Amino acid sequence: MRRIAKFHKVSIEQFMTAVKEEFPEYSEGDIRNIYDSIKLPERATKGSAGYDFNSPFTFSLEPGASVKIPTGIRAEMEEDWVLKLYPRSGLGFKYRLQLNNTVGIIDSDYFGSDNEGHIMAKITNDSREGKTLEISAGTGFMQGIFLEYGITVDDDAQGIRNGGFGSTAKQ
């Protein structure tokens, strides 16, 4: 198995900016405590393909509700690799938990963006059984899998990324 990536925390300043935008009820002291408790994604077992991303916050999601989670995490990886993000299997099965963009794609060049490559996850509880999703801080809600990819023989992409959602279409 090749070792091609490493997870890092974003800076406290980047995390603070993202959290204040999404969760204005948290004080700077609260955000610092949350930041200090962030764990880098890990695989649960030797045979696991996915790295579990834990929620830095406790939250509830009523059926049909969405929330954007600043994970505090960024991924440094070799070129020609991608990190694909999915809901944790059990949460998808029990609550129809969905990533709003279906599958999160973290490109290798995202790491150097102005936002430090901060991985955000907007999730929706798409339960049709009226189930409210309860996630405690430190609980896995999403998993990431690193995959190698290829390009076409006539590819000549020269663009440079700076940003997240939709940034490559803005060039």
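Residues are classed as buried under 20% relative accessible area, as exposed over 50%, and as partly exposed in between, with a 1.4 Å probe and protein chains only. The structure is a predicted model, in which local features need pLDDT of at least 70 and side-chain atom pairs count only at pLDDT 80 or more, while totals for chains, interfaces and linings use all residues. Residues are numbered from 1 along each chain as its sequence is written, and side-chain values use heavy atoms, with hydrogens and water left out.

The protein contains 3 helices and 11 strands. These elements are DSSP runs numbered from the N terminus, helices being H or I runs of at least four residues and strands being E runs of at least two. Along the sequence, the elements follow the pattern β-α-α-β-β-β-β-β-α-β-β-β-β-β. The radius of gyration is 16 Å, close to the 16 Å given by the globule rule for 171 residues, so the protein is as compact as a globular protein of that length. The radius is taken over C-alpha atoms, and the rule is 2.2 Å times the number of residues to the power 0.38. Taken along the principal axes, the C-alpha atoms fill a box of roughly 50 × 35 × 35 Å.

Of the 171 residues, 40% count as buried. The protein exposes about 10,000 Å², of which carbon and sulfur atoms supply 48%; accessible areas come from the Shrake-Rupley method with a 1.4 Å probe, and for residues only the protein chains shown count as cover. Of the contacts (heavy atoms within 4.5 Å) between residues at least 6 apart in sequence, 77% join residues at least 24 apart.

An open sheet of 4 strands has the order β2-β11-β6-β8 with antiparallel pairing. Strands β2 (51-54) and β8 stand at its edges with a single partner strand each, so one side of each is left without a neighbour in the sheet. From one strand to the next, the twist averages 30°, with axes being lines fitted to C-alpha atoms, for helices over the stretch in contact, and angles running from 0 to 180 degrees between N-to-C directions. Two strands are taken to pair if DSSP finds at least two bridges between them. Strand β2 pairs with β11 (residues 140-148) in the antiparallel sense over 4 bridges, and Q143 in β11 is the bridge partner of D52.

Strand β1 (residues 5-9) pairs with β5 in the antiparallel sense over 5 bridges. In this pairing, H8 stands opposite R74 in β5. Strand β5 (residues 73-77) is mostly covered, with 4 of its 5 residues buried.

Helix α2 (residues 28-37) includes N33, which is exposed at a relative accessible area of 53%. The C-alpha atoms of N33 and F57 are separated by 11 Å, the two residues being 24 apart along the chain.

Positive phi values in residues other than glycine were examined next. R96 has a positive phi of about 55° although it is not a glycine. R96 lies in the loop between α3 (89-95) and β7 (97-99) and is partly exposed, with a relative accessible area of 29%. T102 is also not a glycine, and its phi is positive, near 70°. T102 is found in the loop between β7 and β8 (104-107) and counts as exposed at 59% relative accessibility.
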